[in-house]
Amino acid sequence: MNPVDAPSATAPAVLPRHLGIIMDGNGRWATRRGLSRSDGHKAGTEATRAIVTRCRELGIRHLTLYTFSTENWKRSKDEVSYLFNLLASFLSNELGTLMEQGIRLHVLGEIDALPFATRQALQHAIKKSAQNRDMDLNLALNYSGREEILRAARIIAEKAIPSEEITDELFSSLLYTAGQSDPDLIIRTSGELRLSNFLLYQSSYAELCFPDTLWPDFSPAHLDEALADFASRQRRFGDAH
Ligand code: IPE
Ligand code: IPE
Ligand code: MG
């Protein structure tokens, strides 16, 4: 699907309809300040709050935030449990704002493996926000792009879907992002130049943007810069030019 025309005067002429963000650099932000990695994650949630609000203000339809990958379980037990506690309190603090702003929460990933309190907070927020229509906020949580593709393949096998019915449309409908357009733009902060297993199927024609800014420092002004860069790009989708 094509990006949407921007609704507000402050927004660039062309906005991504679906924006994906790999929120990276919390640990380095903290280390540079002599703080703990947990302090970095805490600071990261402040950036998250401001960016979600800016996206809603601009009229971005779908926002996917890479919050915890399946590979992130390799981190220390303390860091992992800090991250999930932080998420649970972020959700309880922000649910009112999500409701006011008409934002619907979704999780991309296997929620069953998460700690009970986090799962409960997520399920509550998902249910409460289910009728909101102004923006989808997808948290990629315990998420792996490869695992998402394998999961779709398993569903196909279990249902014995005939090979001629296995189209891009059908496959997309079996992914966590079913019903949402593919990301037009993926931003990864902190200067790392890789996708780290993020939206592998859906990112086929996404524009990529790699600002050096570490996630806790990533402000709405930085987002606006990335969006202006996106608006200036010529997307060809394989067409002649
Ligand atoms: C991103 O920041 C947050 C998560 C992956 C949960 P990092 O924790 O990866 O920060 P760096 O890459 O170590 O700086
Ligand atoms: C990707 O960042 C995952 C999230 C931002 C949640 P990582 O920091 O885990 O990725 P790598 O290990 O540098 O590739
Ligand atoms: Mg990282």
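Helices (H or I, at least four residues) and strands (E, at least two) are taken here as DSSP runs and are numbered from the N terminus. The structure described is a predicted model, in which local features need pLDDT of at least 70 and side-chain atom pairs count only at pLDDT 80 or more, while totals for chains, interfaces and linings use all residues. Residues are numbered from 1 along each chain as its sequence is written, chains are lettered from A and ligands numbered from 1 in the order in which they are written, and side-chain values use heavy atoms, with hydrogens and water left out.

**Strand β5**

His106 belongs to strand β5, which spans residues 103-108. A polar contact (a pair of N or O atoms within 3.5 Å; within protein, one must be able to donate a hydrogen and the other to accept it, and residues adjacent in sequence count only if both atoms are side-chain atoms) joins the side chain of His106 to the side chain of Asp136 at 2.7 Å. When neighbours within four places in sequence are set aside, His106 is in contact, meaning heavy atoms within 4.5 Å, with Asp136, Leu137, Asn138, Leu139 and Gln180.

Leu108 is also found in strand β5. Its relative accessibility is 0%, so Leu108 counts as buried, a term that stands for under 20% relative accessible area, with exposed meaning over 50% and partly exposed in between (1.4 Å probe, protein chains only). Not counting residues up to four places away in sequence, Leu108 touches Thr64, Asn138, Leu139, Ala140, Leu141, Tyr143, Tyr176, Thr177 and Leu199. Leu108 and Tyr66 are 42 residues apart in sequence, and their C-alpha atoms are 9.2 Å apart in space.

Strand β3 (residues 18-22) is largely enclosed by the rest of the structure, because five of its five residues are buried. His18, Gly20 and Ile22 point one way from β3, whereas Leu19 and Ile21 point the other way, and all are buried. Two strands are taken to pair if DSSP finds at least two bridges between them. Strand β3 runs parallel to strand β4 (residues 62-69), to which five bridges join it, and the bridge partner of His18 in β4 is His62. Strand β3 also pairs in the parallel sense with strand β7 (residues 185-188), over four bridges, and there Ile22 stands opposite Arg188.

The structure holds 10 aromatic pairs, where rings of Phe, Tyr and Trp (its six-membered ring) pair if their centres lie within 6.5 Å, and planes under 30 degrees apart count as stacked, over 60 as edge-to-face and the rest as tilted. One of these pairs is formed by Tyr143 and Phe198, which are edge-to-face at 6.5 Å centre to centre with 75° between the planes. This pair links distant parts of the chain, since Tyr143 lies in strand β6 (residues 135-143) and Phe198 in the loop between β7 and β8 (207-209), 55 residues apart. Both Tyr143 and Phe198 are buried, and ring pairs link Tyr66, Tyr143, Tyr176 and Phe198 into a cluster.

Ser190 is found in the loop between β7 and β8 and has a phi near 85°, a positive value in a residue other than glycine; Ser190 is buried, with a relative accessible area of 9%. Leu199, found in the loop between β7 and β8, has a positive phi of about 40° although it is not a glycine, and Leu199 is buried, with a relative accessible area of 0%.

**The two ligands**

A residue is listed around a ligand if one of its heavy atoms lies within 4 Å of it. Ligand 1 is surrounded by Met23, Asp24, Gly25, Asn26, Gly27, Arg28, Arg37, His41, Thr67, Asn72, Arg75 and Leu83. The residues around ligand 2 are Ile22, Met23, Asp24, Tyr66, Thr67, Phe68, Asn72, Arg75, Arg188, Arg194 and Ser196. The table gives distances from ligand oxygen atoms to N or O atoms of the protein.

| Ligand | Residue and part | Distance |
|---|---|---|
| Ligand 1 | Asp24, side chain | 2.9 Å |
| Ligand 1 | Gly25, backbone | 3.3 Å |
| Ligand 1 | Asn26, backbone | 3.1 Å |
| Ligand 2 | Asp24, side chain | 3.2 Å |
| Ligand 2 | Asn72, side chain | 2.9 Å |
| Ligand 2 | Arg75, side chain | 3.4 Å |

The protein covers 85% of the 380 Å² of accessible area that ligand 1 has on its own, and 76% of the 390 Å² that ligand 2 has on its own. These accessible areas come from the Shrake-Rupley method with a 1.4 Å probe; for residues, only the protein chains shown count as cover.
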